[in-house]
Structures are given as C-alpha cells and as structure tokens.
Amino acid sequence: MLFMNINRKYYSQAVDGGEGGGSGGTTITPEMQAIIDKAVSDQVAGLKAKRDELLGTNKDLKSELDSLKGQLEGIDLKAVKDLLSKAHMDEESKLIAEGKLDEVIQKRTERLRADYDNKLATEKQRADKAEDYANKFRQSVVKGHIIQAAVESGALKEATGDIAFLAQSQFSLDDNGNAVALDEAGEVIIGKDGKTPLSPKEWIETIRENKPYFWPVAQGSGAQGSGVAGKKWSDYTEAERADLARTNKDAFAQLLKTKGS
C-alpha cells in the first residue's frame, strides 16, 4: 500500500512534468527515492529484529535443555521409586496424625484385598487347568480298563468303543487308580461278592445280558431271514437299527460287524 501511494503521488507528477517537457519518460525524484529507501530500511529492520528474537529464543531453549540434561544425569530410578513409596507412607503418617485411622485401615484393606484377589484368580486358573487335565486323564484310564475287560470277555472289536462310551457315566477311578462303578449318588456299587466294588469285568457281563449284539453270534445260529444279507450298518437308519436290535439280536450282531466299513 505504501508503494502504491508513492507511485500514485510521485510517479503521476513525474509523468505530468514529462509531458510538459516532451520527454515522455519516468523520472524518480530525490524525494521519492528517499521515501523508498526509508520504507525498505524499515522492512529490513523489522525482519532483522524478528530474526534476533528467534535466535534468542532458541538460545534460551538450548540453555534450558542443557540444564535439564545435567539434572537428569546420575539419577537413580530405584531411589526415585523408594522416594515415591516413602511419600505414600508419609501420606499414611499424615492421616494417622490427623486421627483418620479408619481411612488408613480402609486404604490398607483395599490394597490387601486387591492383592489377594489377583493371587486367588491366578491360583483358581491354575487349579481349573489341573482339574481339567485330571478329568481327561481319569476318563482315559477308565476307558482303558473297560476296553480291556470287553476284549477279555470276547466282545466284537468294533463294539468296544460303544461299550466304553456306555461306561463313562458309570465308572470312575478310586485312590488306587482302579475303575469302580458308582451309583447316581456317587456311592460305590458293590459287586456280587457283597464286599468289593463292582469291577469292569462284572459290569461287562451285565451289559452282555442286555446288549448281546456287542458279541459274536453263536456258532450255528446264523441270521437267516433277518434281511441283512449284503447290507451294511450305513444302509439302515438309527430307528431301523434300534428296531432290529429289539426284534432280531443275532441279525443286529451281524450288522454291527459292518459298522465303519
């Protein structure tokens, strides 16, 4: 704006004077030059002042950073932690001095409860994991006992898995690692001798009475007229297999041999 005013005032005068003299050129008068020089000088001085201000600010910041760096050197973080802990104790001391014993007890109780809850949660998680592992181990051992008893009784190989499945809800392990049968109340079921717990072998015999199709068909009994010749386990629906097991146990035993084939 300053240069526009200068140009409007002095340049126009120079042009008017030039027309009178017939030169037609542009003339910068000494007065005009002096104003331009002053304006330029003022602008330059302002920029220099701003530069000096920024340089001074940077210098102050560097000095502060150097000072802070010197203060941080050699600081023991453990000592700082101890100081913070002491400050906490000083807070309790202050409360005690003010007679606020209930508040002190409350704060200590809250800290102890939080620490206890954390430890309890950790131990519970560990106990649950151990219990889960123990249950899986017990089931595996019980299954082994039942399958062994089934094989010794002559059960079909393909039926041992079904027999072991039926035993899952019936058997558990005692303190000696033996498979014992339990009733619904969790009490040990006594065997035929009236003294010792029902063994897997005895239990297998009761299963054989109710589910003879888990064992091979007796020689000469066959399955004529059963309608299963040439058919497999997968050819029947679950309802059809159940009906066959109820009406023709020998035929069902033959059909059971095809399971999985």
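Glu123 and Arg126 sit three residues apart in helix H4, which puts about one helical turn between them. Helices here (H or I, at least four residues) and strands (E, at least two) are DSSP runs, numbered from the N terminus. An α-helix has 3.6 residues a turn, so residues three or four places apart point the same way. Glu123 and Arg126 are joined by a salt bridge, with 3.3 Å between the closest N and O atoms; the term requires a side-chain nitrogen of Lys or Arg within 4 Å of a carboxyl oxygen of Asp or Glu. Glu123 is partly exposed at 43% relative accessible area, while Arg126 is exposed at 52%; buried means under 20% relative accessible area, exposed over 50%, and partly exposed in between (1.4 Å probe, protein chains only).

The model is predicted, so local features need pLDDT of at least 70 and side-chain atom pairs count only at pLDDT 80 or more, whereas totals for chains, interfaces and linings use all residues. Residues are numbered from 1 along each chain as its sequence is written, and side-chain values use heavy atoms, with hydrogens and water left out.

Five salt bridges are counted by this rule. Another of them links Asp115 and Lys119, at 3.3 Å from N to O. Asp115 is partly exposed, with 39% relative accessible area, and Lys119 counts as exposed at 52%. A further salt bridge pairs Arg138 with Glu131, where the closest N and O atoms are 3.4 Å apart. Here Arg138 is partly exposed at 29% relative accessibility, as is Glu131 at 43%.

Turning to the protein as a whole, eight helices and two strands make up the secondary structure, in the order α-α-α-α-α-β-β-α-α-α along the sequence. Helix H6 (residues 200-210) has Pro200, Glu202, Trp203, Ile204 and Ile207 as its buried residues. These pack against H4, helix H5 (160-167), strand S1 (171-173) and strand S2 (179-181).

Of the 261 residues, 20% count as buried. Contacts (heavy atoms within 4.5 Å) between residues at least 6 apart in sequence join residues at least 24 apart in 50% of cases. The accessible surface comes to about 19,400 Å², with 55% belonging to carbon and sulfur atoms; accessible areas come from the Shrake-Rupley method with a 1.4 Å probe, and for residues only the protein chains shown count as cover.
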